Amino acid sequence: ILVLIVSSYPKVRASIHDISMFRGYTTKDKKRNKVDKDAFIFRIPAGKKGVGDSGYSGEPNKIITTRKGQSKEMKRWLGRVKSRQETFFSRVKSFNIMKNRFRHGKRGTADKLLRHK
């Protein structure tokens, strides 16, 4: 599963670090005990991990990042995974996939999903 984390507040997007959005709070929010329980960190099942860049190194229990001491094969694999993610998200953005609603089919979501099996 690939996940793109985007703030719903366009003016705030650049000022919030990825890890803060992943955790569901900023430093100010944490001090006020204001944590978004729908944040992605709470959706990763126990024992599972995601792959992220060095910006996520503060969450080693939930995100695997490239670090010293890892084998060459592991670093190569992590590089391929991160490259695949970047390619996927750049295509999603360049083709405006998230900008428009999916409108194929007239019989509801089930019908739409059946068309793409």
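The legends below walk through close-up views of a predicted model.

In this predicted model, local features need pLDDT of at least 70 and side-chain atom pairs count only at pLDDT 80 or more, while totals for chains, interfaces and linings use all residues. Residues are numbered from 1 along each chain as its sequence is written, and side-chain values use heavy atoms, with hydrogens and water left out.

View 1. Along the sequence the pattern reads α-α-β-β-α-α. Helices (H or I, at least four residues) and strands (E, at least two) are DSSP runs, numbered from the N terminus. Of the 117 residues, 22% are buried, where buried means under 20% relative accessible area, exposed over 50%, and partly exposed in between (1.4 Å probe, protein chains only).

**View 2. Helix H3, residues 72–94.** From first C-alpha to last, the 23 residues of H3 reach 33 Å, close to the 33 Å expected at 1.5 Å a residue (the expected span is 1.5 Å times one less than the number of residues). Its buried residues are Leu78, Val81, Gln85, Phe89 and Val92. What covers them includes strands S1 (50–51) and S2 (63–64). Just after H3, asparagine 96 takes a positive phi of about 55°.

**View 3. The largest nonpolar core.** Seven residues make up this core: Ile19, Phe22, Ala39, Ile41, Ile44, Tyr56 and Ile63. A nonpolar core is a set of buried Ala, Val, Leu, Ile, Met, Phe, Trp, Tyr and Cys residues joined through side-chain atoms within 4.5 Å. Not counting residues up to four places away in sequence, isoleucine 19 touches Gly55, Tyr56, Gly58 and Glu59; contact means heavy atoms within 4.5 Å.

**View 4. Lysine 62, a buried residue with no salt bridge.** You will find lysine 62 in the loop between S1 and S2. The nearest side chain of opposite charge, glutamate 59, is 7.5 Å away (Lys and Arg count as positive and Asp and Glu as negative; His and the chain ends are not counted). A polar atom of the lysine 62 side chain does lie 3.1 Å from the backbone oxygen of isoleucine 44.

**View 5. Two salt bridges.** A salt bridge puts a side-chain nitrogen of Lys or Arg within 4 Å of a carboxyl oxygen of Asp or Glu. One joins glutamate 59 and arginine 23 (2.6 Å, N to O). This pair links distant parts of the chain, 36 residues apart: the loop between S1 and S2, and helix H1 (residues 18–23). Glutamate 59 counts as buried because its relative accessibility is 15%, whereas arginine 23, at 21%, counts as partly exposed. Aspartate 38 and arginine 43 also pair (3.8 Å, N to O), and both are exposed.

Methods: Polar contact = N/O pair within 3.5 Å; in protein donor to acceptor, adjacent residues only side chain to side chain.
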